Amino acid sequence: MGLLRLSSSVGADADVTNNMRLHMSTTAAALRLPRTEYITRSVRTRRPAAPLRTFEVAGLNPDNTLNVASYRAPASPLFESAFSAFARGVVLHGPNGGIAIEDLQPGDWLNTSTGQPAQVVWIGSSSFVPADAGRRMPLVRIMADSFGLTRPGSFVTVGPGARLLQTPPKLRGTTGGAPMLTPASAFIDNVNVIEIVPPTPIRLFHICLSRHAAVDVGGIEMETYHPGMSAMRQVTHAERDLFLSMFPHITHATDFGPLAHPRAPEPETVA
């Protein structure tokens, strides 16, 4: 009985049903069209979000108490350059001898290129996968004696955020003999300085001292962290505020102070 009623109902109301379906389809299409156009415009103007990375920080507060924190932040050049200078095992030298980067603590003292030691006030670190196809980040290995006898004394492995206090050959005639802070990648010659791309995660570090400086790393002088004078001009206010919050001794970008040495232009391959 139910089936019979359904069949007769379909026969009797077919025109009404079809008209209702047509009306509903037309109405839905009319409603969807502006929304589709809006979504398309939104996607076209939205800036792709950078993937997030975990950054670990240990630093001194202004009152010299220890501040240890972990942050999730964009894996963008501003953030990554602050955490990607020295590979695990790199030895830095202070008044009391050498100390591996992974054993360094805020409050320790390191020798600088001026001859006066300076205090470590901040250490940042993060894990990177250099061979990651989507985020390829080659390391640089500097072999022993690359820049002269015991410079360095043994090989040193650094990340893309590392700079040496060494003028590149092509700029030596323009500096009047003054050394420049130059990205380590600028010295790659595939003999003394080579690129390596480990397939497994690598822990990289960077440090801030009480003032910007070049420190003794295995016999060569390398830069401590400084964002530069224009690094934060191309980021949003939210990204800038998050970045500065990672440095407990910093309130404003100018608190990083002046650069200890001029910087050489970065090669195109360096982000």
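I began at Glu-223, whose side chain makes a polar contact of 2.8 Å with the side chain of His-212. By polar contact I mean a pair of N or O atoms within 3.5 Å; within protein, one must be able to donate a hydrogen and the other to accept it, and residues adjacent in sequence count only if both atoms are side-chain atoms.

Before going on I noted the terms of use: this is a predicted model, local features need pLDDT of at least 70, side-chain atom pairs count only at pLDDT 80 or more, and totals for chains, interfaces and linings use all residues. Residues are numbered from 1 along each chain as its sequence is written, and side-chain values use heavy atoms, with hydrogens and water left out.

**Glu-223**

I placed Glu-223 in strand E15, residues 220–223. Helices (H or I, at least four residues) and strands (E, at least two) are DSSP runs, numbered from the N terminus.

I listed its contacts (heavy atoms within 4.5 Å). Neighbours within four places in sequence aside, Glu-223 touches residues including Phe-86, Leu-181, His-206 and Leu-259.

**Glu-223 and Arg-263**

I found a salt bridge between Arg-263 and Glu-223 at 2.7 Å, N to O. The term requires a side-chain nitrogen of Lys or Arg within 4 Å of a carboxyl oxygen of Asp or Glu. Arg-263 lies in the segment after helix H3 (237–245) and Glu-223 in strand E15, so the pair ties together parts 40 residues apart in sequence. Arg-263 is partly exposed, at 21% relative accessibility. I also noted that Arg-163, Glu-223 and Arg-263 are linked in a network of salt bridges.

**Other salt bridges**

How many salt bridges does the structure hold? I have five on record.

One of them joins the side chains of Arg-53 and Glu-80 at 2.7 Å, N to O. Arg-53 is in strand E1 (residues 52–60) and Glu-80 in helix H2 (residues 77–80), 27 residues apart. I logged both Arg-53 and Glu-80 as buried.

I next looked up Glu-195 and Arg-136, whose side chains meet in a salt bridge of 2.9 Å, N to O. Glu-195 sits in strand E12 (residues 193–196), and Arg-136 in the loop between strand E7 (118–128) and strand E8 (139–142), 59 residues apart. Glu-195 is partly exposed at 37% relative accessible area, while Arg-136 counts as exposed at 52% relative accessibility.

Methods:
Buried means under 20% relative accessible area, exposed over 50%, partly exposed in between (1.4 Å probe, protein chains only).
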